[in-house]
Amino acid sequence: MCALLDLAADALALDGCDAVEVGLTRSDVALTRFADSRVHQNVARVDGEARLRVVVDGSRVGVAVTNSLDHAAIRRAAEQARDIARVSKPDPQYAGMPSGEQAYSAAGRDDGDTAGCSAADRAGLVSRILAELPAGVLGAGYVETGRVERAIANSFGLTGSHAGTHVGASVLASSDVGGEDSTGHAEGGASALSGLDVSRLGARAARKVELGRRPREVEPGRWSVVLEPAATEVLVQFLDYLAFGGKNFNDGRSALCGRLGDQVCSERVTIVDDALSPLLPGVPFDAEGTPKRRVPFIETGVAVAVGHDRSTAAVAGTRSTGHALPPPNPHGPMPAHIIMEAGSTGLDGLVEGCERGLYITRFHYTNVVHPLRTSITGMTRDGTFLISGGRIVGGVRNLRFTQSILDALRHVEDVGRDVEMASDAFFGAAVAPAVRLTNFTFTSTTAH
Amino acid sequence: MDPIELAQPLAQLSAGALESLSGLPGVQYADVRAVREETESVNVRDERVEGVERGTSQGVGIRVLVDGSWGFAATADCQPRALRSTAVLARDIARASTAVQADHRVQLDDTPPAEGQYITPYERDPLEVPLAEKVDHLLAATAAAREAPGLSWVEASTDSWRRQTSFRSTQGACVDQIVVQVGGGLEAYAVGGGEAQRRCYPNSFRGQFSSGGWESMLALDLTGHALGCATEAVALLDAPDLPFREDAVLLLGSSQLALQVHESIGHATELDRIMGMERAFAGTSFVRVADQGTLRYGSGLVSVTADATTPGALGTFGYDDEGVPAHSSPIIADGMLVGFLTNRETAAAIGQCSNGTARADSWGTIPLVRMNNVSLHPGEDDDVGLEELVADTTDGVLLETNFSWSIDDRRDNFQFGCEVAYDIRNGQRGRLYRNGTYAGRCLDFWRSCDALGGRGDWTVWGVPNCGKGQPGQVARVAHGAPTGRFRATVGVR
């Protein structure tokens, strides 16, 4: 099997064009899924992608993609991209490609044990999770392992390559005996198997099932809440989607428009994008080959920047921050390695500091209500508890929240010292701590 | 290109993949899918071409049942050696699954193995339409929209797909099909005064989509509707927010009601979800297996059918990805729950046969229980449409075109946002509101239905972005719906 970058050579030599960019990916990912404490889906996929961006006549751009990683297919895709560019229109926002060798930092890990994890190994991990569940409690979730190679090259001498592994797992423990109707969830991810304790996930989920039995109903309204990292992560990911993208900012559709330099959150809140952090699987370059670096967006509550690719940076009169997504990407740049920085209080301490409130494990099916107000709505699920007198006193039925993210982050009272990687259904993984905040708005309840 | 000629290489590939399973011990059932999908996406903004992408993805997925447990492996490498190693990997994965089996053994239903071919009827293959023609078509629409004073910008797009699938199974199924799909739309934006308002035509999520040829894209007449769409986007900037109101009379436009069907009937009646297979991620359903035939889901006006044979709809095909011929299956009849969306595994578990809704989004993913065209039947009076329903409403709110959607993990508590809302007083459409939302509980909502538009008001809306499963899959499905009248809480913020 040849090195990914070797596959770019023919395409880079394409004639009749001003610029060629080749983005290459080779992936080997497997996922074991379980429900009712048995494996019911178990899959593996080996795939690839060659994404060719070709420029003619200075700014006519075409993109073609193939999943066949052989020289002939990539050459054909390059020619197809050139043909597309020739019949396209000049793009005044085409901002060129980076030239010359770039200095890329290390990112993520390429772990042999993770890359070599077999289906039998994953079944063993599932068994370890299920072993933590008591009798009568069923488990559902997944264990995923994978290795992804990426490379980028362009006709101006830029080359980069990277290989990284990842592992992710979740468990939903559930008990529905005699109307007890209790569920508990835990999730984790890392760059290597050694960074994820799946037994701990099982034990956490099991504890929540026990705590949540016979849930009571509470009234919607404004509540103090302690959000576990997976719930905090949803707020932070949606803030990224709504406010941190350079195209939204240029268009006047970001909540940070006209507010850079303003205190928009509690001073306890710092949110960065950092693909180089050991806390998550990262890649050292973006889809244009711009080197990744740590980029703060909210620093001690102050809005300081948004993320750009070369095109939106040119419009804004600044430089790319390394947040280009694969072309042609009409949606613009979006930071994809979001981290909310930790505080200093343990999870127990966050609960102890709450006289009366709700403890939230995670949110479900969150979506946007109003982009500029950063208002979103979603449901709690799988571990929602009442806090009274600084301790969890029992489970509650789930609630719908409708809430401005920036308003919520303005009311942060305390930030947890432990961060975790969690994933959202729309946006993938991010890293966040648990937080305690006040005035979180719930607008309705449900029957479970 | 001749469809038969187009299909031959894939048929050879699937036959080769099936052959690669021969002699593998322990395999009680296997199927293979060789898939080649070509796509083209064109985006313009104002007078600019923002992006053009043409893509091809091809590979083979092999699914194996060993001792009652599944294994699946897929590869983009279509050489014989890779197919054999992928078959062995699928078998080994299935064997690994048996280690965590909990005494459960997967059984398949008794669907007879199908043999046949299917190709989407079309006049003009959208992937053969010259790119310059597509670009000019979209730029004409954005130019028309830009005549609206105060418009900030307008975007237009079109997407085309041609998916060839060749399916073979160890039971003798032998199915080849080509599904061609196309669609597009406009998005007009107005920004100012702390607001950013969007108005889409014909629908949000990149427009309206169908199976068929470029002629169905032209029938949308983007240019003819562009100015009206853009004008309404600008008008929203000065409109007030929709006020909060409990138990309001609510008229939902056809496309929004289609999404309501999607979220609170389509997903809720997927049998894999009901059986808990999606519990940890997308969630379960308030519906139980025992509810079939006994649950009053909606008022007597509410009937829903899952129909993969609806002409020209986005969820129309000849065979599902288990080789089951396209079905038309009642889900709700006169308000009563009568059926589920099933595959061969889940149907067998309740003593039934699959109704052909197992679909995978590529060669590299397994078929899941998915919607096809899950449609709400129109009302009995063909002549009733939106304006007649407005005229018949004394005090209510009309909401149109989805902006956002959210529903709980049992498909019960929902909240939707729409692009526009109008007051209705004494049978007249009144003032325009922005940022309209409505919320409710599933059964309360469907049981409150007291009026539906008729056949002339009924449209099948393509939904090209239905997410489900881990690893995540995106399905292209559809829902027919008329305008409908319900009760719900509106103006939630």
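Student: What share of the 493 residues of chain B counts as buried?
Tutor: Happy to start there, with a predicted model in which local features need pLDDT of at least 70, side-chain atom pairs count only at pLDDT 80 or more, and totals for chains, interfaces and linings use all residues. Residues are numbered from 1 along each chain as written, chains are lettered from A in the order written, and side-chain values use heavy atoms, without hydrogens or water. Buried means under 20% relative accessible area, exposed over 50%, and partly exposed in between (1.4 Å probe, protein chains only). Of the 493 residues in chain B, the buried share is 68%.

Student: Which residue does Arg476(B) meet in a salt bridge?
Tutor: A salt bridge here is a side-chain nitrogen of Lys or Arg within 4 Å of a carboxyl oxygen of Asp or Glu. Arg476(B) lies in strand E22 and its partner in strand E1, so the pair ties together parts 439 residues apart in sequence; strands are DSSP runs (E, at least two residues), numbered from the N terminus. Both residues are buried, and the N to O distance is 2.8 Å, the partner being Glu37(B).

Student: Is Asp125(B), which pairs with Arg162(B), buried or exposed?
Tutor: The two side chains meet in a salt bridge at 2.3 Å, N to O. They link distant parts of the chain, 37 residues apart, with Arg162(B) in strand E5. Arg162(B) has 4% relative accessibility and counts as buried. At 9% relative accessibility, Asp125(B) is also buried.

Notes:
Helix = DSSP H or I, 4+ residues; strand = E, 2+ residues; numbered from the N terminus.
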